[in-house]
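Here are some exercises to work through with the sequence and the model side by side. Try each task on your own, then follow the solution step by step.

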Amino acid sequence: MERGDQDFNILLATDSYKVTHYKQYPPNTSKVYSYFECREKKTEPSRDRKVKYDKTVFYGLQYILHKYLKGKVVTSEKIQEAKKVYLEHFQDDVFNESGWNYILQEYDGHLPIEVKAVPEGSVIPRGNVLFTVESTDPKCYWLTNWVETILVQIWYPITVATNSREQKKILAKYLKETSGSLDGLEYKLHDFGYRGVSSQETAGIGASAHLVNFKGTDTVAGIGVIKKCYGTKDPVPGFSVPAAEHSTITAWGKDHEKDAFKHIVTQFPSVPVSVVSDSYDIYNACEKIWGEDLRDLIESRSAKAPLLVRPDSGNPLDTVLKVLDILGKKFLPVENSLGFKVLPPYIRVIQGDGVDINTLQEIVEGMKTNRWSIENISFGSGGALLQKLTRDLLNCSFKCSYVVTNGLGVNVFKDPVADPNKRSKKGRLSLHKSQSGEYLTLEEGRGELEEYGVDLLHTVFHNGKIVKTYTFDEVRENAKLKDCEVQQLLN
């Protein structure tokens, strides 16, 4: 696979202060070894953050390696460009020109670092090492933490994938409790986030991270990221359906909403079609237009091509319950084997407004309380799925834990007196899994002892080459909900 933007300059892709760090390490340092983790948070979730996120989905490193770090990333032109920028930026000559020239001459511009990581898609408890980085040439000790800036941007796909999976757990619990099955789970949360993110690249990375857990998306950019950097056995990893937006309804005029509805559902007779129904009065649309004027047309649709009624305003829980109540009076539901109401298979609801992990929980809980099966509904989420997230949500951190100085290895760490949560790990690290399935990070090189078993960190990048990759199918398999997890949710 070709690397991404050929104009990208790794010499300019770091925090400014790192340009000066090669002068700050102890004299005769010959190796720096650092690691990445999602730190444990000892305090309970706040009122606004009801989910603990005690496990994380590791995803996105392969993308960063492919796009930014593999191959010849250092050239004489890029060195000179960086030299000029930093001279102006610092108003002083602090740039390590000789160090970068050494990488160009000795490694033909390939980065002399090694990255070890857990398999992509792995679901790992907070507080464990996820990947390590170390320099492979004594003269390039400073390079390890130069690449911290770009590597730590993995916080974003990890956080999207983790948040998405937590929502999948909620949906799995309530779908199982109200239907007795998990059929259709992977289509229950649809990505509406394309326009709500900060860039095309964010859209691609974030959408691909959501697709680790689900198969529904309107953020097409994610498909390209997956195809280029992972690959799947299927032609595409994500799917969508024809859907109306307000302009395709309001363009007909307020007095012709029924005509708009009829036209749109008639255009797509053999696939599901989603019609936003709140341009004027969502309740009138459900009762009069869908429930009376177009009832015969809707009843003629098949279970494989249902109408998806989409509310897009109001309090999410109240609106969903009222829409279900109205539709249930017009299209008589049946009771499933667990005693929950299910609308006829030709009509369903999709809630795409105000959906985040907390409102999702509230809606499905409210539906269960009112004896509606989760079979009746799917959800769309935009900004809350792909944008309303920060690195602090999972406390993503990259820290140095081992250096070699004067030929001697030294285990190093930080331990701030004012915040025990920020205490870092010591020495060379390894990750292990016990026979009972518990994960354990071993510090200070103890994982080299055979008694702990195999290290789950595998070399994925070495001296400019990606040496191990994962397909997106493997990522999904690693991240899937296990039967025991679903059982725990139900207990």
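**Exercise 1. Is Lys18 buried or exposed, and what does Lys18 pair with?**

Solution. Begin with accessibility: Lys18 has a relative accessible area of 6%, so Lys18 is buried (buried is under 20% relative accessible area, exposed over 50%, partly exposed in between, with a 1.4 Å probe and protein chains only). Before going on, note that this is a predicted model, where local features need pLDDT of at least 70, side-chain atom pairs count only at pLDDT 80 or more, and totals for chains, interfaces and linings use all residues. Residues are numbered from 1 along each chain as its sequence is written, and side-chain values use heavy atoms, with hydrogens and water left out.

Next, look for the partner. Lys18 makes a salt bridge with Glu148, with 2.6 Å between the closest N and O atoms (a salt bridge is a side-chain nitrogen of Lys or Arg within 4 Å of a carboxyl oxygen of Asp or Glu). Finally, check Glu148: at a relative accessible area of 16%, Glu148 is buried. Helices (H or I, at least four residues) and strands (E, at least two) are DSSP runs, numbered from the N terminus.

**Exercise 2. In what order do the strands of the open sheet lie?**

Solution. Trace the 5 strands as E6-E12-E11-E8-E7, with parallel pairing (two strands pair if DSSP finds at least two bridges between them). At the edges are strand E6 (189-191) and strand E7 (273-276), each pairing on one side only. Neighbouring strands in this sheet are turned by 30 degrees against each other on average, direction ignored.

Now zoom in on one pairing. E7 and strand E8 (residues 307-310) run parallel over 4 bridges, and Val276 has Arg310 in E8 as its bridge partner. Helix H13 (residues 316-330) packs on the sheet and touches E8, strand E11 (347-351) and strand E12 (377-381). The direction of H13 makes about 170 degrees with that of E11 (axes are lines fitted to C-alpha atoms, for helices over the stretch in contact, and angles run from 0 to 180 degrees between N-to-C directions).

Last, inspect Arg310 itself. Arg310 is buried, with a relative accessible area of 12%. Leaving aside neighbours within four places in sequence, its contacts include Phe192, Glu245, Asp278 and Ile350 (contact means heavy atoms within 4.5 Å).

**Exercise 3. How many aromatic pairs are there, and why is the Trp100 and Trp146 pair edge-to-face?**

Solution. The count is 18 aromatic pairs (rings of Phe, Tyr and Trp, taking its six-membered ring, pair if their centres lie within 6.5 Å; planes under 30 degrees apart count as stacked, over 60 as edge-to-face and the rest as tilted). Trp100 and Trp146 have ring centres 5.1 Å apart and planes at 70 degrees, so they are edge-to-face. Trp100 is buried at 0%, and Trp146 is buried at 2%.

Then try Phe331 and Tyr346: their pair is also edge-to-face, at 6.0 Å centre to centre and 75 degrees between the planes. Phe331 is buried at 0%, and Tyr346 is buried at 14%.
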